[in-house]
Amino acid sequence: MPVRTPFLRTALLAAALLTACGTTPEPDAAAPPAAKPSATPSATPSPEAAGSVGGPGTACALPVSLSLTKGWEPEAVERPADPDFAELVEQGPATIVCEAKSEGTPHIGFLRVWTAPKGPARTALKAFVEDDKSKALVLADVKAGAVPAVEARYSVYSALEEEWREGRSFAVQTGKGTVVIVELGGLDAEEDAVVAAYELAKSTLKLT
């Protein structure tokens with residue numbers, strides 16, 4: 001059975017809607033910058049793990065494993081056969097390999113896992129974010145599980161929604177030198193329950 005590619009379907013739908021509208025909306029230059037990470041503990045709830053991805057027998061073969069909360073379903077993403085659509089699975093130095101969507105919850109969110117070639121995690125993450133229409137990037141050294149990581153907070157412009165939204169992602173360097181980037185997104189990416197799913201994935205990450 002071929003692996004489904006929800007990411008590609010979403011990207012193609014967005015492209016079609018923008019084409020129908022005639023032109024791509026321009027971002028509002030006066031939009032406020034993204035909030036910087038705070039040292040104050042967040043009130044975001046801590047959900048229990050209800051599944052995992054990345055390990056043996058899971059939906060995606062990854063150089064890391066991480067936990068998913070209830071209702072988040074992962075699927076592998078394959079590079080499209082048509083080279084005209086190859087850019088839909090690439091951003092900066094990274095290629096998307098897996099997507100977990102919150103289909104079993106009341107929210108609209110996703111966790112996308114990207115891989116980048118061997119190199120520093122900070123360099124790969126910065127290039128990844130800057131390849132999108134983003135601003136106000138803030139990078140911080142954090143831990144993903146017990147693994148040193150770099151986290152990015154920024155504002156990203158959604159042409160489909162015609163607004164700036166908060167974005168966040170983190171990157172780790174694997175034992176083989178490649179970099180894994182985990183990105184949070186979706187219409188409800190700023191909701192507490194969706195952020196909690198991202199935080200769970202980050203706190204439970206392990207190298208495989």
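Colleague: Which residue forms a salt bridge with Lys101, and how far apart are the closest N and O atoms?
Modeller: This is a predicted model, and in it Lys101 is partly exposed, with a relative accessible area of 22%, whereas Glu103 counts as exposed at 55% relative accessibility. A salt bridge requires a side-chain nitrogen within 4 Å of a carboxyl oxygen. Lys101 meets that criterion with Glu103, the closest N and O atoms being 3.9 Å apart.

Colleague: How many residues apart in sequence are the parts that the pair Glu151 and Lys202 ties together?
Modeller: The side chains of Glu151 and Lys202 meet in a salt bridge, at 3.0 Å from N to O. Because Glu151 lies in strand β8 (residues 147-158) and Lys202 in helix α3 (residues 192-203), the pair ties together parts whose separation in sequence is 51 residues.

Colleague: What arc around the axis do the buried residues of helix α2 cover?
Modeller: In α2, which spans residues 121-130, the buried residues are Ala121, Ala124, Leu125, Phe128 and Val129. They lie on the same side of α2, because the arc they cover is only 125°.

Colleague: Where does the pLDDT lie below 50, and what is the mean pLDDT of the chain?
Modeller: The pLDDT stays under 50 over residues 1-6, and it is below 50 over residues 9-42 as well. Where pLDDT is low, the predicted coordinates should not be read in detail. Over the chain, 78% of residues reach 70 or more, and the mean pLDDT is 82.

How values were computed: Residues are numbered from 1 along each chain as its sequence is written. This is a predicted model: local features need pLDDT of at least 70, side-chain atom pairs count only at pLDDT 80 or more; totals for chains, interfaces and linings use all residues. Side-chain values use heavy atoms; hydrogens and water are left out. pLDDT is the predictor's confidence in each residue, from 0 to 100. Contact means heavy atoms within 4.5 Å. Buried means under 20% relative accessible area, exposed over 50%, partly exposed in between (1.4 Å probe, protein chains only). Helices (H or I, at least four residues) and strands (E, at least two) are DSSP runs, numbered from the N terminus. The arc is that of the directions from the helix axis to the C-beta atoms.
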